[in-house]
Amino acid sequence: TSMGRNKRSNRKSEFLLMDLELLSVMAKNQAGANYPMEELEKLWKMILINQFHDILPGTSIHEVYEVTKKEYEEVKEKATALLQDRLNILAGSGNGITIYNTLGFDRDDIVHLGDLNAVSLRDDNGNIYPVQKTANGAIAYVKGLPAKGYKTFEIVEEDASSKVPFTINNNNVETPFYKITLDENGMFTSIYDKENDREVLQAGERANLLRMYEDKPIYYDNWDIDIYYTEKYWDADQVERMEWTEIGNLRATLEIDRKISNSTIKQKIHFYADSRRIEFETYVDWKEHQHLLKVHFPVNIHSDEATFDVQFGNLTRKVHTNTSWDVARFESCGQKWIDMSEGHYGVSLLNDCKYGHSIKDANMAITLIKSGIEPNPMTDYEEHYFTYALYPHAENWREGGTVQEAYKLNQPAYAVKGGTPGAKSSFASVNKKNVIIETIKEAEDGSGIIIRMYECENALTKAQVQLGFKASSVKECNLIEEELNTVPLTEDGFAIEIKPYEIKTYKVCL
């Protein structure tokens, strides 16, 4: 959890380059644009050097982070420019607005449309999607964005729906999914899930509780969190400002500014008309040393275990303290999400750049800022930007679609002006939701297109991969792209069998 800026830059850079790889393959395939192999190699090497075991964990000296700041900015600038070029080449001219979904599954999601001035969007089936103007540009909730592909919408002046689906009474809000009660300090005291007819939070507890703990480990400041850190803490319940800044037909936003000690925390809490996610877009100006900031969600879930996202899969950990091993797991690592589920209901906590979590007595928490002083006396003493989201769902994380929601939070769709309304295409997709196509890139030796996927639900699965182009051959490879065996082609792709949590890599030749 140390050096939050680097953790964030690392995650954002990885996803940005994966998106660039996919869009470069698509632009080459569709329009003959060059694939930026050399630039990608330089950018990936810069990211990988900064994954060195003292840089990324946040345990280097101060000067290192002055260098990484510049390097990550360079990665962002260069990759974004290359990506924007590819988007423009792919969309071409035309009077539509084309939305690119870089995820490996079809997607219904909120999309940021930038400075688009439109009342609504219309898709190829005649469905009308209203556009909401916000201070940061227009947004729309669209459905059916093809996996690893795009869909072009027509810009129309037809008003799809002027009905605002939110009822706001003081600080309480009712959305199509929830009835939410907030106290005078803007803390959630009740989230009632209308669809599943149950309360999400524990009775008498406060959620989205930001709490600052004294964090003075005995030995290694930026390496350790010691078990006694919970003994001294302060709640960030002092509100400087609280107001509803958006109440539209797609989203309602509550802004809350807080002070704690010398620091400022500003949140935009987004409630959606079409999504079960409640998002907490957060800015922190952190002016503390040796203090830890966590956010808590005490959930009404009965379970002795929780599931944590890891790279290419997930794992389950016990959340009780029955053995010395369990006691030692008071802080656990996870990537894009953690989930706690009982028989037929669960709650996931998603994030876009955090890695430390804790769960005790069904109180789910994310560690947001650590700010140790050794070996870097200025660790985390700066501005922070991050978003986390609460995602209550029916059944467990598998049926609840937690994996997909976490990807949506981390990899927003791209909207670009241009394209012919009604056009849509998927470059590659798979017919089982537990098989996630993650990477699509050109082979390092230029001999084909690499498609990498993994299984995410611990289930042996037979699946069909569909390709949006004509392939001449498919070969299974290992991770360094050495060919292992030939895979027979089917009419529009190829069939696979994938073991639980297995990673599979295929080289597709045109």
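Modeller: A residue is called buried when its relative accessible area is under 20%, exposed when it is over 50%, and partly exposed in between (1.4 Å probe, protein chains only). The model is predicted, so local features need pLDDT of at least 70 and side-chain atom pairs count only at pLDDT 80 or more, whereas totals for chains, interfaces and linings use all residues. Residues are numbered from 1 along each chain as its sequence is written, and side-chain values use heavy atoms, with hydrogens and water left out.

Biologist: Which residues of strand 31 are buried on one side, and which on the other?

Modeller: In a regular strand the side chains alternate between the two faces of the sheet. Strands (E, at least two residues) and helices (H or I, at least four) are DSSP runs, numbered from the N terminus. Strand 31 spans residues 449-455, and seven of its seven residues are buried. One side carries Ile449, Ile451, Met453 and Glu455, while Ile450, Arg452 and Tyr454 lie on the other.

Biologist: How many bridges join strand 30 to strand 31?

Modeller: Two strands pair if DSSP finds at least two bridges between them. Strand 30 (residues 435-442) and strand 31 run antiparallel and are joined by seven bridges. Within this pairing, isoleucine 436 stands opposite tyrosine 454. The two strands form a hairpin with six residues between them, and glycine 446 in the turn has a positive phi of about 75°. Strand 31 is also joined to strand 37 (residues 503-509) by six bridges, again in an antiparallel arrangement. There, methionine 453 has lysine 504 as its bridge partner.

Biologist: In what order do the strands of the five-stranded open sheet lie?

Modeller: The order is 7-8-9-10-11, with antiparallel pairing. Strand 7 (167-169) and strand 11 (198-199) are the edge strands, each pairing on one side only. Three bridges connect strand 7 to strand 8 (residues 172-174), and asparagine 169 stands opposite asparagine 172 of strand 8.

Biologist: How many salt bridges does a search of the whole structure find?

Modeller: Side chains of opposite charge can pair when their charged atoms come close. The criterion is a side-chain nitrogen of Lys or Arg within 4 Å of a carboxyl oxygen of Asp or Glu. The search finds 43 salt bridges. In one of them, the closest N and O atoms of glutamate 255 and arginine 241 are 2.9 Å apart. Glutamate 255 belongs to strand 15 (residues 251-260) and arginine 241 to strand 14 (residues 238-247), so this pair ties together parts that are 14 residues apart in sequence. Glutamate 255 counts as buried at 15% relative accessibility, whereas arginine 241, at 27%, counts as partly exposed.

Biologist: How many residues of helix 6 are buried?

Modeller: Nine of the nine residues of helix 6 (residues 402-410) are buried, so the helix is largely enclosed by the rest of the structure. Within helix 6, glutamate 405 and lysine 408 are three residues apart, about one turn of the helix. Their side chains meet in a salt bridge of 3.2 Å, N to O, and both residues are buried. Salt bridges that share partners join Arg107, Asp109, Arg277, Glu279, Glu405 and Lys408 into one network.

Biologist: How many aromatic pairs are found in the whole structure?

Modeller: Rings of Phe, Tyr and Trp (its six-membered ring) pair if their centres lie within 6.5 Å; planes under 30 degrees apart count as stacked, over 60 as edge-to-face and the rest as tilted. The search finds 21 aromatic pairs. Tyrosine 129 and phenylalanine 153 form an edge-to-face pair, 5.9 Å centre to centre with 80° between the planes. Tyrosine 129 lies in strand 4 (residues 128-134) and phenylalanine 153 in strand 6 (residues 149-156), so the pair ties together parts that are 24 residues apart in sequence. Tyrosine 129 is buried at 7% relative accessible area, as is phenylalanine 153 at 0%.
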